[in-house]
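Here is a friendly walk through one protein model. Keep the sequence and the 3D view open, and follow along as the parts come up.

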Amino acid sequence: PVQRAKGSEILFGIAPCALALSQARRELFRLFLKQSGGSARPAMSEFVLQATARGVPVLHVAGRELDALCGGRLHQGVCLEAAPLRFRSLEEAGKPHLGDAEGRSRQLIWLVLEQIQDPMNLGALLRSAYFLGVDRVVASHRNSCPLTPTVSKASAGAMEVFDVYSTDDLQSFLKAKTAEGWEVVGTVSKPEDVEDVPVISCLEFQWNKPIIVVIGSEGEGLSMETQLLCHRMLAIPPGRALHPGIESLNVSVATGESSSEHKGTKLPTSV
C-alpha cells in the first residue's frame, strides 16, 4: 500500500487533479498516474509537465493501486495526494461594493447553503454556481459537508478554483446583510408549508438590489429560523401533476435553475 503524508487526502479524476495542479491553492505531495502499456495519452503527458513544473513527484502505478487510493471511485487514471481545502471565513473576504458587480452591469448574487450534507449535491451546487456566475457561496458551518475529494469530483473541479466561505451563525449573517441593503430570498418546495413570508413563483420574480438566495438541506429544507429572515420565498412550479414521492427537484438541480439568467436578470427558484 502507498504510504500517504500525514493529514493528506486523495483527489481523483482528471478535472479536479488538473485544476488543483494549476491553481496552487493546496500543498501537493504526489501525482499518481495509471501505468500504460502503450504510448501515453496526451492528457497524461500534460499532467507530467504540470507536476514537473510544480516540483510534484510523479508515480506510475497499476490501476488496482489507484482504485485502492481513492476507495474504488472513478479516477480516470489520475490521483493526486494533496492537503485538504478548507472553507474560508467571511472575515477573509473583502467587503463587496453594492452595485459594482462587473462594472455595475448587474446586481450581486450570493448563494447561501444551510446544512447541505451530501457531497455529491454540494459538488453539483458549486459547479452550477461557478458556471452561472454566482459571486459568492457561503455555507453554514454546522451540519454541513466538508470540502472533500468527492465534492471536488462532483463539482468537475470547480471547487479548486472557487472560494467557498462558511459562517458559524447563519441567522446573524443574514440579518447583517439585510441591514446592508441586501434582499434575502428563501426557497421552498411546498408553498403551503410556509407561514408569515410571501411565496411567489420564480417566473414572477424580479429584483433591483443585491440578493442572497438561501437553499435548505436535502431532507428538511430551510429551518424555521432562517425562513423568518427571508423577505420572500420562491417556488418552481411543476410542469405536471406530480406523483407522491416525486414532489420536488433535487437541491442541486433547483439551484442551477436558481442562478440561471432570464432577459439579463437572474431568477432564483426553489428546491
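## The big picture

Of the 271 residues in the protein, buried ones make up 46%. Here, buried means under 20% relative accessible area, exposed means over 50%, and partly exposed is in between, with a 1.4 Å probe and protein chains only. The secondary structure comes to eight helices and 14 strands. Both are DSSP runs numbered from the N terminus: helices are H or I with at least four residues, strands are E with at least two. Take contacts between residues at least 6 apart in sequence: 84% of them join residues at least 24 apart. A contact means heavy atoms within 4.5 Å.

A quick word on the ground rules: this is a predicted model, where local features need pLDDT of at least 70 and side-chain atom pairs count only at pLDDT 80 or more, while totals for chains, interfaces and linings use all residues. Residues are numbered from 1 along each chain as its sequence is written, and side-chain values use heavy atoms, with hydrogens and water left out.

## A sheet with helices on it

Start with an open sheet of four strands, in the order β1-β4-β2-β3 with mixed pairing. Its edge strands are β1 (9-12) and β3 (58-61), each of which pairs on one side only. From one strand to the next, the twist averages 25°. Two strands pair if DSSP finds at least two bridges between them. Inside the sheet, β2 (residues 28-34) and β4 (residues 78-82) pair in the antiparallel sense over five bridges, and L33 stands opposite V78 in β4.

Which strands does helix α1 lie across? Helix α1 (residues 14-23) lies across β1, β2 and β4, and runs at about 45° to β4. Helix α2 (residues 42-54) packs on the sheet too, touching β2, β3 and β4, with its direction making about 160° with that of β2. For these angles, axes are lines fitted to C-alpha atoms (for helices, over the stretch in contact), and the angles run from 0 to 180 degrees between N-to-C directions.

## H75 in its loop

H75 sits in the loop between α3 (63-69) and β4. H75 counts as buried because its relative accessibility is 9%. Its side chain makes a polar contact with the side chain of D67 at 2.7 Å. A polar contact is a pair of N or O atoms within 3.5 Å; within protein, one must be able to donate a hydrogen and the other to accept it, and residues adjacent in sequence count only if both atoms are side-chain atoms. Leaving aside neighbours within four places in sequence, H75 is in contact with F12, G13, I14, G63, L66, D67 and C70.

## The cores and helix α4

The largest nonpolar core has 26 residues, and L111, L113, L122, L126 and V137 have the most contacts inside it. Such a core is a set of buried Ala, Val, Leu, Ile, Met, Phe, Trp, Tyr and Cys residues joined through side-chain atoms within 4.5 Å. Two or more residues come from each of β6 (109-113), α4 (119-132), β7 (136-140) and β11 (211-215). The most come from α4, which gives four. A second, separate core of 20 residues includes L90, V184, V188 and A235.

Now look at α4 itself. The buried residues of α4 are N121, L122, G123, L125, L126 and A129. At the N-terminal end, D118 caps α4, with a side-chain oxygen 2.7 Å from the backbone nitrogen of M120. After α4 comes G133, whose phi is positive, near 90°.

## Around β12

Strand β9 (residues 183-187) holds T187. T187 counts as buried because its relative accessibility is 3%. A polar atom of the T187 side chain lies 2.9 Å from the backbone oxygen of V214. β9 and β12 run parallel, joined by three bridges, and T187 stands opposite L234 in β12. Strand β10 (residues 199-201) also runs parallel to β12, with three bridges; the bridge partner of I200 there is L234.

H231 lies in the loop between α7 (224-227) and β12 (232-235). H231 and T178 are 53 residues apart in sequence and 9.2 Å apart in space, C-alpha to C-alpha.
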